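Me: I want to go through the labels in this model one at a time. For each, set the value against the definition.

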Amino acid sequence: MRRNRRDNRLSPYEIDIVERSLKGKEMPFDQALRKFLIDGERKALREFTLHYYQKECEDFRRYLVRMEKSLDLNLVVRTDIDNYIDDMKHERHLKVGTINTKLRAIRTLFNFLKDGKYIDKNPMKKYPLLKNRKANIETFNLTQLKQLLNAPDLRTFTGQRDYTYLLLLVETGLRLNEASGILVEDVKLSEGQIFVRNTKNHLHRYVPIQSKMKEQLKRYLRLRGTCETDHLFVTIDETRMTRNALQRIVAKHGAKAGIKGVRCSPHTLRHTFAKLSVMNGAGVFELQKILGHSSMEMVRVYVNLFGSEVAEKHKEFSPLKDLDV
């Protein structure tokens, strides 16, 4: 049986392997990720953010192992990223949003390695995220929102707590991580504000609350009483409610209310807050400040998506409606 002879001339890729090994410049994946996470800790990134980076970067590592690719990140090229995306799309059938979440993480990793001169070339430099042409933002309609808020059993402590939490998300549009970080001292009832410390961009902010929300917070705080933890939302054992526990509240009461056709999650309530605010005439700058967006990009998305509903609302508040001209 005749064997295929290999080409004696080294390919550009093989030459690159030789040159890098001669230089002694290697960056093993595990070592790179460790350096990256330590740097994140020095920058005081939140534990949730560090966990996100680790989880998504390790997903890329598993792909490289499965494809029998080198774990030396100095040898990762742009084609490897292309193939990784193809694998996520066609083999794992991941959604565009999920793929982009993973790409953001490994892009941040490679940017760190290039800036620190741990690698010579950055395969993620100017690498575009996938375009999501659906541009669909899920929200609750008013009927679903009422069903959700009516689901908790207000004759129980957990029911009062869950109702307070749901009402707070509807009133303020807080992110899940922001709500989970609220302390009792952050609730400023006399000022009609809540101090948000656990923000995405590390910029603390105050969000306003109105009379209905203040009244419910007063009731809940009286029921909550004094606990060892300072966090606002607590379990019946008087311990802090975790982020995951708070995340499950919306899904739990959504299922209880029989809500279908929309994902029951804290982020859907955030989108619903934005939608109702736009429909009720909120300005883009006020919305940006309350939602805590660092740019106007997402606020413009809300305005554009719900613009037709604003037009319908305009029929009710048009200044010319009551003018005999």
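**Labels and their grounds**

Reply: What covers the buried residues of α4 includes α3 (47-66) and α5 (96-115). The model is predicted: local features need pLDDT of at least 70, side-chain atom pairs count only at pLDDT 80 or more, and totals for chains, interfaces and linings use all residues. Residues are numbered from 1 along each chain as its sequence is written, and side-chain values use heavy atoms, with hydrogens and water left out.

Me: Which residues of α4 are buried, and what makes them one face?

Reply: Buried means under 20% relative accessible area, exposed over 50%, and partly exposed in between (1.4 Å probe, protein chains only). Asp80, Ile81, Tyr84, Ile85, Asp87 and Met88 are buried in α4. The arc is taken over the directions from the helix axis to the C-beta atoms. Down the axis of α4, the buried residues fall within 155°, so they line one face. The face turned away carries the exposed residues His90 and Glu91. An α-helix has 3.6 residues a turn, so residues three or four places apart point the same way.

Me: Why is Gln160 called buried?

Reply: Its relative accessible area is 12%. The cut-off is under 20%, so Gln160 counts as buried. Gln160 lies in helix α7 (residues 157-172). Contact means heavy atoms within 4.5 Å. Not counting residues up to four places away in sequence, Gln160 touches Asp153, Leu154, Gln216 and Leu223.

Me: And why is Arg205 called buried?

Reply: Arg205 has a relative accessible area of 9%, so it passes as well. Arg205 is found in strand β3 (residues 205-208).

Me: What makes the pair of Arg205 and Glu178 a polar contact?

Reply: A polar contact is a pair of N or O atoms within 3.5 Å; within protein, one must be able to donate a hydrogen and the other to accept it, and residues adjacent in sequence count only if both atoms are side-chain atoms. The side chains of Arg205 and Glu178 are joined at 2.9 Å, so the distance meets the limit. A polar atom of the Arg205 side chain also lies 3.4 Å from the backbone oxygen of Leu291.

Me: How do you know that β1, β2 and β3 form a sheet?

Reply: Strands are DSSP runs of E with at least two residues, and two of them pair if DSSP finds at least two bridges between them. β1 (residues 187-188) and β2 (residues 193-196) have 2 bridges; β2 and β3 have 4. Both pairs therefore qualify. The open sheet has the order β1-β2-β3, with antiparallel pairing. β1 and β3 each have a single partner strand, so one side of each lacks a neighbour in the sheet. Lys188 stands opposite Gln193 in β2, and Phe195 opposite Tyr206 in β3.

Me: What makes a set of residues a nonpolar core?

Reply: Its members are buried Ala, Val, Leu, Ile, Met, Phe, Trp, Tyr and Cys residues joined through side-chain atoms within 4.5 Å. The largest core has 45 residues, of which Phe140, Tyr165, Leu166, Phe233, Val250 and Leu269 touch the most other members. Its largest share, 6 residues, comes from α7. A second, separate core of 29 residues includes Phe29, Phe36, Leu64 and Met88.
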